[in-house]
Amino acid sequence: PGAKAEMPNFVSDSLVAHFDYFTYQGDDDFYKENPLPGDDYYYNPILPGWYSDPSVCTNGKDYFLVTSTFSYFPGVPIFHSTDMLNWKQIGHVLDRAEQLPLDGQRTSEGIFAPAISYNPHNETWYMVTTNIRRGNFFVKTKDPFGSWSDPIWLPDVGGIDPSFFFDDDGKAYIVNNDVPNGGSTYDGHRAIRIIRFDVETDKTFGPSVMLVDGGVDLTERPIWIEGPHLYKISGKYYLMCAEGGTSVNHREVIFKSNSPMGKFQPWDKNPILTQLHLDPQRQLPVTSAGHADLIQKANGQWWSVFLACRPIGNKFENLGRETFLMPVRWSEDGFPYITKGDELVPGIIRMEGVKRADNPGFGNFEQHDDFSKTKLGMAWMTLRGPASDLYSLSENPGFLTLKCADVASNELKSPAYIGRRLQHHKFECKTSLHFNPQSDREMAGILMYKDEQHQYLMTVGREDGQKQLSLKKMKGKELETLAAKKLPATKGPIELKVTSTGTHFSFYYAIDGKTWNLLSDNIDAFYLSTAQSFGFTGTTIGLYATSRKPLEFE
């Protein structure tokens, strides 16, 4: 169904697997049933799939957007736009191992909530974030299309979710989530703090001042005030934060002050964005909306990016927290808001005066990689490090060659796994594999990965001296075999395919290059969802090889 017509003569190395293509095809019903009505409309989410904690900034001409990556490498994808509708990924902010120490961190640890800012006074771009095991740091650049600096650590900034604010008088600040004065008095009791920053020395100075204790109303014991951003608009200072945790109680709130370090008053009509109070039985629900950032376009319009989820039947999904884009309105008393009352986050929005590109990153798109380039495409990620010693695009040009690493996919190391985000409920993924395992320790194929303990693996291996295709379920430190099929002792490739209905997966194979055979269907997708496994990432899918069994991991 998709293998190359001519196959090279692979070296007979049982510890190496060769993949000659990978195709991802989205097939969601919403896009098929609701075509965009004009060329100035777009689908929400604007970045479908797991692109959480979005932050956006501009120099008045170019717009840049970043999102979280937790323990995946490279870290913090960066997108560019000139109109706020058409976004194109231009790279990753953290693309060098020395920028991104992730050894031993779990999937949902690592890099939290990056915030990107532009300082017009020195014409420098900053990205500040949390490496959850190591602390808060920032990197900077004069050219966001190029490379960013090594990390500059912020020892006096605690907690998580730091964000820069550059005032028009040249002064600079960092706001962040941290413990309240006197410590937390209940679970989830946090505060928003601010500290001065010296752009000449790249260091903070002065006291860390608490701006918000707990949230909008401390008597209601609000939890997890976080994701702060500070803005100066029409001479007033606005502090915008998330509250309620990142699940269904997520919401965005706003405060206003006459000074960046002064007393901030909450708006009496908070929250400015939420879906938590809506009917859970509504059609096509969008949930968990929050963690927003504001941006003003050159034409004066205000817009917001924020994260939200699209659970099927309001129950679960494998897409994770996605990036949405909505216009911002202003109240008569001078506060911005994104939704009010029972307003829904819409799936289709118009941005007048902007023309949609021919190949936007939303809707039902197809992405095909024939591995003909010398560098992996930007959609691909590895875990906890570059894994550059475990794969090659040059050993057999036109093929991705993976070593059967002595690392299992449930270890806190870098396995031989090259994965990409799921971006649709309904999708199809295909690949073609050349692999000749010589022992029952070796296997290679497709891995569907949520975290260390929740995975599905469709792999070629060897059992009782015979080549075998199997579907296995990772359950903590154990692999449960769900289906198996003995394979003929042929030297040709085996093609593998995964399809999804959103609630269930099906797994297929082809050994003649023509006919797809069912290995197993009706496999529960809930097992890989955040509703089952918790955590902050979405599910990824990709190519995997190993010579280590997960039971060996302690």
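Here's a quick walk through a predicted model, from its nonpolar cores to a pair of strands and a pocket.

Some ground rules: residues are numbered from 1 along each chain as its sequence is written, and side-chain values use heavy atoms, with hydrogens and water left out. As this is a predicted model, local features need pLDDT of at least 70, side-chain atom pairs count only at pLDDT 80 or more, and totals for chains, interfaces and linings use all residues.

Okay, cores. A nonpolar core here is a set of buried Ala, Val, Leu, Ile, Met, Phe, Trp, Tyr and Cys residues joined through side-chain atoms within 4.5 Å. Buried means under 20% relative accessible area, exposed is over 50%, and partly exposed sits in between, with a 1.4 Å probe and protein chains only.

So which residues touch the most other members of the largest core? They're Met448 and Phe507, out of 49 residues. Strand β1, residues 16–26, gives the most to this core, with 4 residues. (Strands are DSSP runs of E, at least two residues; helices are runs of H or I, at least four; both are numbered from the N terminus.)

Look at Phe507 for a moment. Skipping neighbours within four places in sequence, its contacts (heavy atoms within 4.5 Å) include Met448, Tyr456, Leu471 and Ile523. There's also a second, separate core of 44 residues, and Val305 and Phe324 are among its members.

Next, β16, residues 226–233. Here 7 of the 8 residues are buried, so the strand is largely enclosed by the rest of the structure. β16 pairs with β17, residues 236–243, in the antiparallel sense over 6 bridges; two strands pair if DSSP finds at least two bridges between them. Within that pairing, His229 has Met240 of β17 as its bridge partner. The hairpin has 2 residues between the strands, and Ser234 takes a positive phi near 50 degrees.

Last stop, the second largest pocket. A pocket is found on a 1 Å grid over the protein atoms alone: it's an open set of points where a 1.4 Å probe fits, with protein on both sides within 12 Å along at least five of seven lines, and lining residues have an atom within 4 Å of a point.

What lines this one? There are 33 residues, with Thr246, Ser247, Arg321, Gly535 and Phe536 nearest the centre. β21 gives the most to the lining, with 3 residues, and β8, β12 and α2 each give two or more.

That's my tour, thanks!
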